[in-house]
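Good morning, and thank you for coming. Please look at the structure on the screen while I go through its strands and then its domains.

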Amino acid sequence: MPHSAGPLLTRDTAEALLAARQAGAAAWTGSLDLGRSEDSAALGADRWHWRGTAYPYPGRLKDRTIYRFDGEDWEPVSRYAGSLIKLVPTEWDVPTFEIDGIKMLPTSKESPLDDARRKVALVEPRGKAVLDTCGGLGYFAACCLEAGVGRIRSFEKNDSVLWLRTLNPWSPDPDAADAGGRLQLMHADVSQAIAAEADASFDALLHDPPRFGIAGELYSLAFYGQLARVLRRGGRLFHYTGSPNRLTSGRDVPREVARRLELAGFKAQLALDGVLAVRR
């Protein structure tokens with residue numbers, strides 16, 4: 001899925017662009033790709049020009065929203081298909097995403113990419129074959145590529161999330177030169193597709209499922225058994241859990257997951273905001 005090369009605006013970026021025009025500047029320099037790089041835009045009276053294309057100045061933009069130009073106007077990077085899925089800016093530049101207003105990635109203390117980097121380091125991906133069960137925006141995959149993974153097979157079943165990836169400059173592009181053909185992105189439901197994967201075909205696993213209430217099948221003993229089947233003995237698994245319902249119901253999801261992984265053939269321990277397990 002090729003990535004869009006068009007500019008992306010946040011409210012802060014738009015205000016800086018408009019302020020430069022109001023001050024009479026001929027050009028503005030800043031980031032139009034969510035902090036990936038800096039570039040210059042030539043400022044005209046009615047339009048601004050960037051990389052050979054003219055764009056209208058934006059009107060009033062909302063906070064916590066990323067905008068793209070759809071050929072006629074600036075539109076939020078969001079899509080409704082049963083659920084509202086939206087790309088959301090963070091103070092770290094690297095965006096998160098929300099489904100029906102629920103934030104999908106932790107961003108309170110650090111960039112979601114830095115958060116992913118710490119978790120990926122637990123499975124030591126260099127030179128390994130890695131299974132990424134729920135790809136999301138691809139930050140686990142990006143960190144694996146950065147760490148020298150041998151190959152990574154990443155599943156994502158939601159079309160709208162895959163669409164967000166084509167617009168997010170921080171999501172890895174499987175066809176990019178720096179990926180080197182090591183990233184295979186699969187549009188499929190891993191809970192079903194994993195049955196087609198060969199026994200012991202992966203050296204490490206990364207499992208970042210939606211909440212239990214949304215995708216309980218990805219927390220089941222049957223699915224964990226499939227994870228154990230495709231992972232070689234001694235291979236590592238990091239399973240993100242967070243701590244949902246702990247304050248409201250006293251439920252300890254990380255320990256529940258660890259116990260279930262033990263039953264499936266892993267040796268498990270709590271780590272970061274999830275569970276680190278080793279295939280016995």
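In this predicted model, A271 stands opposite G274 in β18. The two strands concerned are β17, residues 266-271, and β18, residues 274-279; they run antiparallel and are joined by six bridges. Between β17 and β18 lie two residues, and the whole arrangement is a hairpin.

I turn to another hairpin, that of β4 and β5, with two residues between the strands. Strand β4 covers residues 47-50 and strand β5 covers residues 53-56. Four bridges hold this pair in the antiparallel sense. Here W50 stands opposite T53 in β5, and R51 takes a positive phi near 50 degrees.

Strands of a sheet pair through backbone hydrogen bonds, and the pairing is either parallel or antiparallel.

With that in mind, in what order do the four strands of the open sheet stand? The order is β8-β9-β10-β11, with antiparallel pairing. The edges are taken by β8 (78-80) and β11 (102-103); each has a single partner strand, so one side of each is left without a neighbour in the sheet. The partner strand β9, residues 84-88, pairs with β8 over three bridges in the antiparallel sense. Within this pair, S78 stands opposite K86 in β9.

Let me now move to the domains. The protein chain is divided into domain 1, residues 8-61, and domain 2, residues 112-279. The C-alpha centres of these domains lie 38 Å apart. Five residues from domain 1 and four residues from domain 2 take part in the contact.

The size of an interface is often given as the accessible area lost when the parts come together. For domain 1 and domain 2, the buried area is about 390 Å², and carbon and sulfur atoms give 66% of it. Which residues of domain 1 lose the most area to domain 2? They are L8, L34 and R36, which together account for 87% of what that side buries.

Finally, I consider the polar side of this interface. One residue pair is in polar contact between domain 1 and domain 2. On the side of domain 1 that touches domain 2, the residues divide into two nonpolar, one polar and two charged.

Thank you for your attention.

Conventions. Residues numbered from 1 in each chain as written. Predicted model: local features only at pLDDT ≥ 70, side-chain atom pairs only at ≥ 80, totals over all residues. Heavy atoms only, no water. Domains from an automatic or database assignment. Contact = heavy atoms within 4.5 Å. Buried area = accessible area lost by both parts, 1.4 Å probe. Polar contact = N/O pair within 3.5 Å; in protein donor to acceptor, adjacent residues only side chain to side chain. Nonpolar A, V, L, I, M, F, W, Y, C, P; charged D, E, K, R; others polar. Pairing = 2+ DSSP bridges.
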